[in-house]
Amino acid sequence: MSAPTATPPSQATGAAAPPLKTRSSGAPGAAREERAGWLLTLPFLLLFLIFTAWPVLQSIFMSFTDIRNKDLRTPFSVNFVAFDQYTKAFQDPIFLKAAFNTGYFVVIGVPLTMTLALAAAVALNTGISRFRSFFRLGFYTPVITSIVAVAVVWRFLLHPDSGLVNTVLAWVGVDGPNWLGSTTWAMPSLIAMATWRNFGTAMIIFLAGLQGVPKVLHEAAAIDGASAWQRFRHVTIPILRPTILFVSVTTAIGYLQFFEEPFVMTSGGPLDSTISASMYTYKQFSFGNYGYAAAISYLIFIVIVIVTVIQFRFLAERED
């Protein structure tokens, strides 16, 4: 016969066992951790609010006023003009010309840059085996080169009398134009320079994406009889879709804000044929038209948002 087991007093009396103590989110330790987290982020928050959020809010307010440089001493005496600065932009022929030039630059420059970058990335990934690092460095060097140095080189290349481009054209009996002094050829010249200077970044990104394409898929497609172009179109391109979207968005955003090329090379000429929206904004700010410049800058921002949404709509991956 076994000995009887002792019954705990809590069970004998029917009382519930005391609950285990757990650390809740409202415990003093958790509150201290939260305060420490806010304390560590406070320097960034202060810098962000002072140097980013506040200037942005101020510029938005400025775009709805007629503030000029003479009003800086009496900022509270400016007039609130609502959307007059925005409507003024659509009635400004120079701004409309700048907007057209910017659109021309983006529509031609973005596909050209991406095509050349993808072609160079494919060549480096599959076609070139020797000196691959040398070519990578050579293609990427223009990206980190100063725009002033690039401008000096391209001005020499495109000089109408002694430039290398017109000299080579003369060898085959072609009389080259005044590239940067012609209203017809100035913008294509800037597009060519911008493409040469910027496609290295896109090439590096495409190259990283190509190296992530499984070789097994290409081998399976080749066994099924697919040609190299068919494998590229139906295997590589779908897998590269997120990469293409990223390159397209970043390149378009940069080209919608293009400023350095016309500022250094042509100063917006000849006859405003190369002036960009960002450059016109800069000129208005230099003239002291702060409210008008702020309105134009937010029009550029709105266009960037619209273009980005369109790119995500057509290039983002879909779940079929």
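User: Which residues does Thr281 touch, not counting residues up to four places away in sequence?
Analyst: First, a heads-up: this is a predicted model, where local features need pLDDT of at least 70 and side-chain atom pairs count only at pLDDT 80 or more, while totals for chains, interfaces and linings use all residues. Residues are numbered from 1 along each chain as its sequence is written, and side-chain values use heavy atoms, with hydrogens and water left out. With contact meaning heavy atoms within 4.5 Å, and leaving aside residues up to four places away in sequence, Thr281 touches Ala293, Ile296, Ser297 and Ile300.

User: Is Thr281 buried or exposed?
Analyst: Thr281 sits in helix H13, residues 277–286 (helices are DSSP runs of H or I, at least four residues, and strands of E, at least two, numbered from the N terminus). Buried means under 20% relative accessible area, exposed over 50% and partly exposed in between, using a 1.4 Å probe and protein chains only. Since its relative accessibility is 12%, Thr281 counts as buried.

User: Within what arc do the buried residues of H6 fall?
Analyst: H6 covers residues 147–157, and its Ile147, Val150, Ala151 and Trp154 are buried. Seen down the axis, they line one face of the helix, because they fall within an arc (taken from the directions from the helix axis to the C-beta atoms) of 100°.

User: Which helices do the buried residues of H6 pack against?
Analyst: Turned away from the buried side are the exposed residues Val148, Val152 and Phe156. The buried residues of H6 pack against helix H8 (186–210) and helix H12 (260–265).

User: At roughly what angle do the axes of H11 and H14 cross?
Analyst: Axes are lines fitted to C-alpha atoms, for helices over the stretch in contact, and angles run from 0 to 180 degrees between N-to-C directions. Under 35 degrees counts as roughly parallel, over 145 as roughly antiparallel, 65 to 115 as roughly perpendicular and the rest as oblique. H11 and H14 are therefore roughly antiparallel; their axes come within 10 Å and cross at roughly 165°.

User: How many charged residues are in the contact of H11 with H14?
Analyst: Residues of H11, including Arg241 and Leu245, meet residues of H14, among them Ile300 and Leu315. Ala, Val, Leu, Ile, Met, Phe, Trp, Tyr, Cys and Pro count as nonpolar, Asp, Glu, Lys and Arg as charged, and the others, Gly among them, as polar. The contact of H11 with H14 divides into twelve nonpolar, three polar and, for charged, one.
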